[in-house]
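Look over the sequence and the model that follow.

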Amino acid sequence: MSTTDSRPGAAAGLAPYVDSPALSAGEHGLAAWRRSRAALAEISCLEFLAELAAGTLPAETFVHYLLQDSAYLAGYGQAMTLLAARAPSAEHRRFWARATSDTIAEEQTMQAELMDSAEFSGLAERLTDEGGAPVPSPTTQGYTSWLVASAAVDEHEVAVAAVLPCFWVYAEVGRHLVDSIGEAMAEHPYRSWVEVYSDPEFDRAVEEAIGIFEELYEAADDALRARMLAAFERGCAYEHRFWAASHVRESWSTPPAS
């Protein structure tokens, strides 16, 4: 278990990444991150992540999350496919196409392996529709619908800003979870999930995505920059809401939070 951390945020009881992300980013990426501090602070305080780190998250809650994440990844993949089609350069097109085929495929493989366990597969049967497919919760459907719509009709730069938080936030959270779990990782019930998002290959992909954001932001005018920052901030807010909704196992039959 980690003991002390001198980086900003730690002293306030927040995860260090809230004020000092570990991944490499330029001034524009850091400006977007700082603007989204409120959502990032809320993420760092989520009960879902605290219980996940401690290994005490109920299996049914984790399976609900995995099913919602599976539904989310389908929409996220559509958004990145649209980004690849609209990218302004061959280099950017290759990145978004690779992110769709490789990064998402790795996450889906990890989810499938987790669902192979008798405990998780049994729980999943109770949480899916008659065809075995996950039913997107209100938050999942809202998040994916916004991403796909942004990738389809917003300026390309805004759409890139919208999808970036999923990459970046997961990488920072994954690193923090590894530090928090420490030596207990060997016996951790959700080890395979945590390790996907703390993998150096994933970090490199995230930093490439941040670099694309930086490049597009640098060339944008003030009005477009403002829309990019707003999209990034909303993406971070959705990341918080997605985990929070998973913790309460949100569905269309549960009442909205008061």
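The structure, a predicted model, holds 22 aromatic pairs. Rings of Phe, Tyr and Trp (its six-membered ring) pair if their centres lie within 6.5 Å; planes under 30 degrees apart count as stacked, over 60 as edge-to-face and the rest as tilted. Trp-33 belongs to helix 1 (residues 27-35) and Trp-168 to helix 8 (residues 156-181), so the pair ties together parts that are 135 residues apart in sequence. Helices here (H or I, at least four residues) and strands (E, at least two) are DSSP runs, numbered from the N terminus. Trp-33 is buried, with a relative accessible area of 1%, and Trp-168 is buried at 0%; buried means under 20% relative accessible area, exposed over 50%, and partly exposed in between (1.4 Å probe, protein chains only).

The rings of Phe-213 and Phe-232 have centres 6.3 Å apart and planes at 45°, so they also form a tilted pair. Phe-213 sits in helix 10 (residues 200-219) and Phe-232 in helix 11 (residues 222-247), 19 residues apart. Phe-213 counts as buried at 0% relative accessibility, and Phe-232 counts as buried at 0%.

How do helix 1 and helix 11 pack? Their axes are 9 Å apart, at an angle of about 55°. Axes are lines fitted to C-alpha atoms, for helices over the stretch in contact, and angles run from 0 to 180 degrees between N-to-C directions. Helix 1 is therefore oblique to helix 11; angles under 35 degrees count as roughly parallel, over 145 as roughly antiparallel, 65 to 115 as roughly perpendicular and the rest as oblique. Residues of helix 1 that meet helix 11 include Trp-33 and Arg-35, and those on the helix 11 side include Phe-232 and Glu-233.

The protein chain has 11 helices and 0 strands. Of its 258 residues, 48% are buried. Among contacts (heavy atoms within 4.5 Å) between residues at least 6 apart in sequence, 79% join residues at least 24 apart.

The mean pLDDT, the predictor's confidence in each residue from 0 to 100, is 88 for the protein chain, and 84% of its residues reach 70 or more. Over residues 1-11 the pLDDT is below 50. Where pLDDT is low, the predicted coordinates should not be read in detail.

Residues are numbered from 1 along each chain as its sequence is written, and side-chain values use heavy atoms, leaving out hydrogens and water. In this predicted model, local features need pLDDT of at least 70 and side-chain atom pairs count only at pLDDT 80 or more, while totals for chains, interfaces and linings use all residues.
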